[in-house]
Each structure stands twice: as structure tokens, then as C-alpha cells.
Amino acid sequence: MSEHKILFTGTAGAGKTTAIGAISEVAPVRTDVRNTDATVLKATTTAGLDYGELTLDNGEKLRLYGTPGQQRFDFMWKILARGALGLVILIDNSRADPLADLDVYIGGFRALIDEAACVVAVGRLDTHPTPNLEQFATRLLTHGVLCPVLPIDVRDPAQVAQLLDLLLIQLETRTENCLS
Ligand SMILES: Nc1nc2c(ncn2[C@@H]2O[C@H](COP(=O)(O)OP(=O)(O)O)[C@@H](O)[C@H]2O)c(=O)[nH]1
Ligand SMILES: [Mg+2]
């Protein structure tokens, strides 16, 4: 049975824990601890990681990891990225500069993005419509990164599942390209 390791990253509050919890078929493992970061209005924030699992119809198992969001944990990003086949960058569009947030995760996961599949999912677009999806796509191009950008509500399991489908389709396409 084949397995895929998929990472979810993004700022604290972007929805990593919610997204993994929405679709995991095992009780998600969470390491949220009391928030000591005064810039984030949340009682808890992810200081370690999230873990969940999802079995696809074809029997493949996805191992889902949520990374610590804050850049001061970027040493852990490299450890978590080992062996990963896909990356989901979650954007919280209610933050001050979501395009700058994108830059941080593109930079932090560049090696993985260049050899794996990547999707950028933008949340809270209903209340915070700018920057829009096109602006995110343009920003990716300035980094030389080509990957899908789509809106997401991490609270909706169907939308999170669609996101993973999009990642897996990219992986299949890559494999075919390598074989041909
Ligand atoms: N109102 C609203 N809440 C959202 C939306 N997207 C995410 N959330 C909430 O934002 C929070 C995200 O927190 P969490 O998953 O812990 O983020 P993490 O720090 O990335 O793990 C959750 O309470 C979600 O319910 C949205 O579009 N609208
Ligand atoms: Mg979390």
C-alpha cells in the first residue's frame, strides 16, 4: 500500500489544525499549547505539529502533518519536509499582508516546492477579498513557482478533500512525465 506524506503550513490561525481535523479518520494528534505570542489573538497556537490520516478510495494512505506556523520554528520545517510529496500553504486573508505571508512559506519550503506538489489555499476571502486569487498567482510567478491557487474554508471537509485531490493529481502528472 502506498503512502503519501502531505504537509499543511501557514500562519498561526490560518487553519492547519482545523483542516486536518476536518478530514482525518483517526483522532488528530495535536500539540497546541497556551499562546504566548501577544500578536496572535488565540488562546492556543501550534507550537509543535498536527497529525492526521486519510485513506483514499484506491487504498492509498495520506499522512497529514501540520507544521508549526511561526517562522521562528523554520528549523522544523526542513525536518518535516523530508520525504513529503505535497505541500498545502494556507493563507489567512484577514492578516495585514497575506502576500508577504506567502513569500515566507515559499522561501521556507522552496526545496520541497521544487520537487513536490504544492497548492495555495486562501481562506476568509468572503470577509477579506483582497488580495484576490489572481494577485496570489502573480506573486507565485515572481518566485518562478507554478501551482494552483484556490479559495478555501478549512471548516468544510469537502473543500479540504478537494484540495488534497488537486495535490494528488499533480503528483500523478509528475510521475507520468518522469515515465514518458
Ligand atoms: N469565521 C471564519 N472562521 C474561520 C474561517 N476559516 C477558518 N476559520 C477559523 O479559524 C481558526 C483557525 O484555527 P486553527 O485551525 O487552530 O489554525 P492553525 O493555527 O493554523 O492550526 C478556526 O477557529 C477556524 O474555525 C473563515 O473563513 N471564517
Ligand atoms: Mg494549529
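This is a predicted model: local features need pLDDT of at least 70, side-chain atom pairs count only at pLDDT 80 or more; totals for chains, interfaces and linings use all residues.
A residue is near a molecule or strand if one of its heavy atoms lies within 4 Å of it. Residues are numbered from 1 along each chain as its sequence is written, chains are lettered from A and ligands numbered from 1 in the order in which they are written, and side-chain values use heavy atoms, without hydrogens and water.

The protein contains six helices and seven strands, taken as DSSP runs (H or I of at least four residues for helices, E of at least two for strands) and numbered from the N terminus. Along the sequence they are arranged as β-α-β-β-β-α-β-α-α-β-α-β-α. Of its 180 residues, 47% are buried, that is, under 20% relative accessible area with a 1.4 Å probe, counting protein chains only.

Ligand 1 is surrounded by 13 residues, the closest being G13, K16, T17, T18 and R124. Helix α1, residues 16-23, gives the most to this shell, with three residues.

Several side chains make polar contacts with the ligand, meaning pairs of N or O atoms within 3.5 Å. An N or O atom in the side chain of K16 is 2.7 Å from an oxygen atom of ligand 1, and a polar side-chain atom of T17 is 2.8 Å from a ligand oxygen atom. R155 places a polar side-chain atom 3.2 Å from a nitrogen atom of ligand 1. Taken alone, ligand 1 exposes 600 Å², and the protein buries 75% of that, by the Shrake-Rupley method with a 1.4 Å probe.

Terms used
Buried means under 20% relative accessible area, exposed over 50%, partly exposed in between (1.4 Å probe, protein chains only). A polar contact is a pair of N or O atoms within 3.5 Å; within protein, one must be able to donate a hydrogen and the other to accept it, and residues adjacent in sequence count only if both atoms are side-chain atoms.
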